[in-house]
Each structure stands twice: as structure tokens, then as C-alpha cells.
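Keep the viewer open as you read.

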There are 2 protein chains.
Amino acid sequence: MKSEISMAVIRRLPRYYRYLGELLDEGVAKISSKELSNLMKVTASQIRQDLNNFGGFGQQGYGYNVEYLYLEIGKILGLNKINNMILIGAGNLGQALANYPAFRKRGFNLIGIFDKNPKIIGLQIGGLEVLDVDKLEQFIKQNEVDIAILTIPKNGTLEIATLLTNWGIKGLWNFSPTDLFIPNVQIENVNLSQSLMTLAYQIHNKNSSNS
Amino acid sequence: MKSEISMAVIRRLPRYYRYLGELLDEGVAKISSKELSNLMKVTASQIRQDLNNFGGFGQQGYGYNVEYLYLEIGKILGLNKINNMILIGAGNLGQALANYPAFRKRGFNLIGIFDKNPKIIGLQIGGLEVLDVDKLEQFIKQNEVDIAILTIPKNGTLEIATLLTNWGIKGLWNFSPTDLFIPNVQIENVNLSQSLMTLAYQIHNKNSSNS
């Protein structure tokens, strides 16, 4: 079943998860697809279609049980397990991510930080000592690491991503402005420059009649 | 013409721009859609279709002039103008973005940084002094600001985003984990937690048969 689900649906799941978590925090026990639709500004039919990919979760005329749906979507996303992460590249962005509290709350556990800059190695960041990138292979063999966060310059990214994949890392969260095409590893790219350029397009093309 | 172009096409433009910029740096003068297709791992027909939205740029049997296409896509994206930005929230992520060199290179010019934390106000970040958020309205009235980067906690985001829109900001680059629905402003959300959860899904569902 799962292999047929499109990436477009999968990309929407974390958003459902976030809204359901907020409803849960507010003490909401039940919600109809129409209410959820108003809140999330998507159609009720899209919500029903998306959730039907995973078996539905709702009873006709009753709505969704918020806690149950939250936990089930969490399981689908793999958030019922601890996902151990390492971070490679402890520059400004790497340090910001290492200190981001929202990840740990969802079971993403940062267990190692690596850099090659002698000025950064040995620093304490987010409660961890930055290790020399030379110790990476040994660390991965001695610890169960699921995800590597790549916050390194473009030039070294492909080489280190390939090594990490060979050493058994399952997922790469790549902030480097380069596209990785590597088999046997899941890759999620976050390209901040591309996001900003998309915003620039929207500004200049929406306002072109006013300016 | 422009209003008919889908967001899917627009989101691909910055990627073309990035690849063309790299080709230009390497001294490549001409490229066929087939060569570009191999490089970018998208079909040649998608490249032709995407670029045809903006008038084509290629001559049959000749290929694309790299520099011309790079500059034209840059114009479409609004990168031939200076886009002045301010940053609100000079925490870890805000500081990382303020120090990100790739933005300035593309004409995104950070001209103000604001925070409400007295411990942060007055610090120098990325060559700018962090100002009290109380000075925001005055600053926007005295400077031409196109984009505001929001790296603030979720709770204050809607309020400040609404004020910024009323004060004439054209675009919000929102890193806060909350969805903004505000008329008369362009919004680009970067939700890092959602990106990480998508990666978790891919890891747990691709490897489920192996583990």
C-alpha cells in the first residue's frame, strides 16, 4: 500500500501532524474534516482523500478522534521511534539547527556534531562537543545513526554524502546548495536560496501592475 | 502571460538559475536542453516546456545561450533588482541567515535586524547592529524594505506579520512553524520540522522491508 502514495501526499502529512498536535494541546478531542479543512485552508475532500491513503481513520458523521489520528500519523511518519541524527558542519546554520528545540520534541535526537575546522572542534554546541570529522566513520560504526544533517559548503558535500551512505546512514538532510543524486539513501534537500528566489519572483510579478 | 504560470514551474526556476550560474562560472557558453536535462536529472521536454512559459529562449538545433538564459531567468525572478530585506528575530537561526553569503550575491541586501530581547539588541550581526523591534515601523517608513525574514517564535508571528503587511512589506520569508494567511503580501514558508518529518517518513517506509 505505502509504495503507491505520492510524495505530494507525504509532504502534507507533517502539516496534518502539526495541526493535530496543536488541537491536542488545546484539548480538542474530535474534529470533522470540514472543521479541519477550515483551519488548514485545504478542502475537506483533500483531507479525506489524503487520509484514505492510510486507511481512513474517520467514521462517517463522527469526525476524527484527534489524539488517535495524531498518533497514527506520527507512526506513519516514523515519529514513534527515536531518530538519531548527526550534524556535519558546525558553522552558523549548523549551530542554529543543533540548538533547535522542536526536533528533540519529535524524537529527533542529535547525538554527534562534526567539523573539520580546528577552531570549532572541541566547542560545546547544544550540549555536545564538536568532534573532528576524521572520527565520523568510527562514530557511525559505534552508534546507531539514522540521519546526517549536512550544513557544509557545496564543494565537499558529494564526497561526504557518499561516504555517509556507504557507512550505512539512511537519510541525508542536505542544506548545501547542491543536488545530491545517490542511490540507497533518502535525501531531503532544503535549498534556502531557491526558497528566497521564489519569494522574489512572487513579489515582482504580483506587484508589477502597482509599481 | 505571467499570471498563468503555475507555482510548480516557478519553484523550478531558481534551480535552472543555479545550474546556469554554475555553467557560466565554468565557462560554458551554450547548452542543449538534452545536456541540461542530463545535468539536472529532469526531462529535456520539461525544460523546454518550463522555458516556453516565458517565451522559449532557445533556437531549434542550437541550444541555449547560457549567459543570456541565466540573465533572463534572473530578470524573471526579479534578481536584476536589489531586494532589500530586514530580519526579525536574531536568535540562532536569524543570526545564521544574517551571515549567509549566498543571499547578498544575488542582490538580497539585508539592511536591518530587529529583536525584542535586550541582551541581543545592540549586538553586531553580519555587520549590522541589532535594533529594538519598537523601531521597526519607523525604519520601514524611512527605508525601502521589500522582504521581512521572520525567525521568531510561533506565538508572535501572526501579529508582527500583519503589522509588517500594513506597513507595506511585500514579502514575508517565514521560518516560524505556523501558517500565515494574510492578504496583500507574498509569503514563503520554510518549515524545517516538516522537512525533517518528510525525511523520517522516507527512511522508515523505504527500509521497512530490510529492518
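Which residue in S8(B) does Leu150(B) stand opposite? Opposite Leu150(B) you'll find Asn174(B). Keep in mind that this is a predicted model.

**The sheet of chain B**

That pair is a handy way into the sheet. Strand S7 of chain B, residues 147–150, and strand S8 of chain B, residues 171–174, run parallel and share 4 bridges. They belong to an open sheet of 7 strands in chain B, with mixed pairing and the order S5-S6-S4-S3-S7-S8-S9. At the edges stand strand S5 (124–125) and strand S9 (186–189) of chain B; each has a single partner strand, so one side of each is left without a neighbour in the sheet. As a reminder, strands of a sheet pair through backbone hydrogen bonds, either parallel or antiparallel.

Now slide over to the S5 end. S5(B) and S6(B) run antiparallel and are joined by 2 bridges, and Gln124(B) has Glu129(B) in S6(B) as its bridge partner. The hairpin these two strands make has 2 residues between the strands, and in it Gly126(B) adopts a positive phi near 55 degrees. On to the next pairing: S4(B) and strand S6 of chain B (residues 128–132) are parallel, with 3 bridges. Here Phe114(B) finds its bridge partner, Leu131(B), in S6(B).

**The sheet of chain A**

Chain A also has an open sheet of 7 strands with mixed pairing, and the order reads S5-S6-S4-S3-S7-S8-S9. Its edge strands are S5 (124–125) and S9 (186–189) of chain A, each pairing on one side only. Strand S3 (residues 83–88) and strand S4 (residues 108–115) of chain A pair in the parallel sense over 6 bridges, and Asn83(A) sits opposite Phe108(A) in S4(A).

What packs on this sheet? Helix H8 of chain A (residues 154–166) lies across S3, strand S7 (147–150) and strand S8 (171–174) of chain A, at about 175 degrees to S7(A). A helix from the other chain joins in: H9(B) touches S3, S4, S7, S8 and S9 of chain A, and its direction makes about 170 degrees with that of S9(A). Look at chain B and you'll see helix H9 of chain A (residues 192–206) lying across strand S3 (83–88), strand S4 (108–115), S7, S8 and S9 of chain B, running at about 170 degrees to S9(B).

**Where the chains meet**

How many residues of chain B are in contact with chain A? The count is 66 residues of chain B, in contact with 66 residues of chain A. Between them the chains bury about 5800 Å², 64% of it on carbon and sulfur atoms. On the chain B side, Leu196(B), Met197(B) and Tyr201(B) lose the most area to chain A, together 13% of what that side buries.

The rule finds 6 salt bridges across the interface, and 22 residue pairs in polar contact, both residues at pLDDT 80 or more. Helix H9 of chain B (residues 192–206) supplies the largest share of the side of chain B that touches chain A, 15 residues. By residue type, that side divides into 36 nonpolar, 16 polar and 14 charged.

Over all chains the salt bridge count comes to 16.

| Residue of chain B | Residue of chain A | N to O distance |
|---|---|---|
| Arg18(B) | Asp179(A) | 2.9 Å |
| Lys154(B) | Glu22(A) | 3.2 Å |

Notes: Residues numbered from 1 in each chain as written. Chains lettered and ligands numbered in written order. Predicted model: local features only at pLDDT ≥ 70, side-chain atom pairs only at ≥ 80, totals over all residues. Heavy atoms only, no water. Contact = heavy atoms within 4.5 Å. Buried area = accessible area lost by both parts, 1.4 Å probe. Salt bridge = Lys/Arg side-chain N within 4 Å of Asp/Glu carboxyl O. Polar contact = N/O pair within 3.5 Å; in protein donor to acceptor, adjacent residues only side chain to side chain. Nonpolar A, V, L, I, M, F, W, Y, C, P; charged D, E, K, R; others polar. Pairing = 2+ DSSP bridges. Axes fitted to C-alpha atoms, helices over the stretch in contact; angles between N-to-C directions.
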